[in-house]
Amino acid sequence: MSENVHESGGTGPSHRTVEIAVGGVLGLLAIVGMYGSVLVGIGWGVEGPRAGFFPFYVSALVLISCAVNIANAVRQPDDGKLFAKWHELAKVGSVVVPVAIYAGLIPYIGLYVASALLIGVFMRWFGKYGWPMVFAVAILVPVATFFMFEIWFLVPLPKGPLENYLGY
């Protein structure tokens, strides 16, 4: 697990590189959070703290933490430890990318249709199931979820054009 970049032929990012990159990305997200909080107000109003008060300070703490982590990573000499091999990161990406697409589709096509697509893709791609099983599960699971949440528990979930067309 503590494989060295040089021993493995340099086939992936070093631990130090990942520390700096993750700190930078999370730091940028913290800055976005702080900016959004300022837009909605971070002060104290008549009714108490304004909407951006707590998110601003949480984002500020995240930004400070990121700065400390980046400073520590830059200050430490690079020991050459490998974070992960590229093929291992590709396996993670093969799951993360479809899930990110799924999350991005939900506002446009609704949770149920997006879920059917995600289930179908994963069953076919990773599980190597046949088409009849893929279609059966990819349709039945979102339908069961719809009845459970929308009908029985009365909890509305994001719907898209199909549900609107069907009158739900």
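Here is a short tour of the model, one selection at a time.

You're looking at a predicted model, where local features need pLDDT of at least 70, side-chain atom pairs count only at pLDDT 80 or more, and totals for chains, interfaces and linings use all residues. Residues are numbered from 1 along each chain as its sequence is written, and side-chain values use heavy atoms, with hydrogens and water left out.

Start with the whole protein in cartoon view. Five helices and two strands make up its secondary structure, in the order α-β-β-α-α-α-α from the N terminus. Here helices (H or I, at least four residues) and strands (E, at least two) are DSSP runs, numbered from the N terminus. The radius of gyration is 23 Å, well over the 15 Å that the globule rule gives for 168 residues, so the protein is more spread out than a compact globule. (That radius is taken over C-alpha atoms, and the rule is 2.2 Å times the number of residues to the power 0.38.)

Next, select Phe-53 and Tyr-57 in helix α2 (residues 53-75), four residues apart and separated by about one helical turn. Their ring centres are 5.2 Å apart with planes at 65°, so this pair is edge-to-face. Rings of Phe, Tyr and Trp (its six-membered ring) pair if their centres lie within 6.5 Å; planes under 30 degrees apart count as stacked, over 60 as edge-to-face and the rest as tilted.

Buried or exposed? Phe-53 is buried at 18% relative accessibility, while Tyr-57 is partly exposed at 42%. Buried means under 20% relative accessible area, exposed over 50%, partly exposed in between (1.4 Å probe, protein chains only).
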